[in-house]
Amino acid sequence: MTPKHCFLGFLLSFFLTGVVEAQPAHVCLKPQRVHFQSRNFHNILHWQPGRACAGNSSVYFVQYKMYGQTQWRKKEDCWGIQQFFCDLTNETSEVQEAYYGRVRTASAEIHSGWTMTQRFVPWWETKIDPPVMNVTRVHGSLLVILGAPNTPYRNQKGKNVSMENYYELVYRVFVINNSLEKEQKVYEGAHRVVKIEALTPHTGYCVVAEIYQPLLDRSSQKSEERCVEMP
Amino acid sequence: MATLQKSVSFSLLGTLAASCLLLVALAVQEGAAVPIRSHCKLDKSNFQQPYITNLTFMLAKEASLADNNTDVRLIGEKLFRGVNMRERCYLMKQVLNFTLEEVLLPQSDRFQPYMQEVVPFLARLSNKLSQCHIENDDQHIHRNVQNLKDTVKKGTILSAGFMDDMSFIARE
């Protein structure tokens, strides 16, 4: 069906149902804004309750599938729940694949229709967190140790798999000289250990870092500041 | 029928990103995937341009919004069935050419501004693959590509074999 037809159909049904009586409960119960929010491949389905006619006792039912599959699968943990989100991380773990999720409501024995997400490709849509950062003073310089956020996955040895396994990542390190209050980029590259030298004694320095994904031209937010007083 | 055909075309458009990812996979894999016949190879740098990568994904996203058929996937497990890694780039060349000629160019006024940038990019890739041939029998490849073409043209829904694990693209 083309979008135009859909829209006409919608208008038609809207007028037909809207004029004769108030909107039927199964229409206004329908969950709204069903979408994935994804950070470091933790893929959480979120939604909002249907418009005003929903009672307080609404429960929600979640299904998901990979694009191209004919059958929807039931998410057991999110079957008849009251909250407005559902963790589908394990169900969407092939990160370059495309997925759909959908939600329906039930309230006082009345079921709404399903509301579906847009097509969701975790690899493309997930947001990367700032790097994990440690700063130590070594004589007159600072040693910055960086790490990429972990994904929900574990390798065969049971160790956490880092975001570095999925993207080429670049670290950017910035130094803020407390007396000048000026931020300066001191490093950009893939190394996880960065030495910052030529610092002025008796001066405070704060370090922040971010992660850049060159292939997607995206950066994470900045990490928290770590501040060090030089002797 | 016309609307169904359109929907399937969108579906193909929507999976373009997946096809690009596959091409990336082919380009990245040094030994295993790259055929000795060097014409069937795209340099990794083709897929390391964030501008066009982002546009391709945006186009796929826009197109997928117009495609409400979530059951039919054109670039999936079935397309690659019986095709070994060395032949995949050749297969994707056929899919790419078909996509350009029969899907993208006829609809090139839609999904702007993404279309006007992505189509020339894909056309350049197609051009780079123009010398790509394989020496041995390619009947099985043509059969798979023909299936895809038939699906787009006739709007036939792909059969149920799709419940298989289709995650292999990402793994490869």
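Colleague: What makes B:Lys61 and A:Glu125 a salt bridge?

Modeller: The term requires a side-chain nitrogen of Lys or Arg within 4 Å of a carboxyl oxygen of Asp or Glu. The side chains of B:Lys61 and A:Glu125 meet at 2.9 Å, N to O, so the pair qualifies under that cut-off. This is a predicted model, in which local features need pLDDT of at least 70 and side-chain atom pairs count only at pLDDT 80 or more, while totals for chains, interfaces and linings use all residues. Residues are numbered from 1 along each chain as its sequence is written, chains are lettered from A and ligands numbered from 1 in the order in which they are written, and side-chain values use heavy atoms, with hydrogens and water left out.

Colleague: Why does the pair B:Lys61 and A:Glu125 join two chains?

Modeller: Because B:Lys61 lies in helix α3 (residues 50-65) of chain B, and A:Glu125 in helix α3 (residues 122-125) of chain A. Helices here are DSSP runs of H or I with at least four residues, strands are E runs of at least two, and both are numbered from the N terminus.

Colleague: Why is A:Glu125 called partly exposed?

Modeller: Buried means under 20% relative accessible area, exposed over 50%, and partly exposed in between, with a 1.4 Å probe and protein chains only. A:Glu125 has 24% relative accessibility, so the residue counts as partly exposed.

Colleague: How do you know that A:Glu183 and A:Lys222 meet in a salt bridge?

Modeller: Their N to O distance is 3.1 Å, and the limit is 4 Å, so the term applies. A:Glu183 is partly exposed at 41% relative accessibility, and A:Lys222 is partly exposed at 37%.

Colleague: Which side chain meets A:Glu164 in a salt bridge?

Modeller: That of A:Arg192, at 3.4 Å, N to O. The two residues belong to distant parts of the chain, 28 residues apart: A:Glu164 is in the loop between β12 (160-162) and β13 (170-177), A:Arg192 in the loop between β14 (182-189) and β15 (193-196). A:Glu164, at 25% relative accessibility, counts as partly exposed, as does A:Arg192 at 46%.

Colleague: How many salt bridges are there over all chains?

Modeller: The search of the whole structure finds 11. A:Arg172, A:Lys185, A:Glu188 and A:Glu210 are linked in a network of them.
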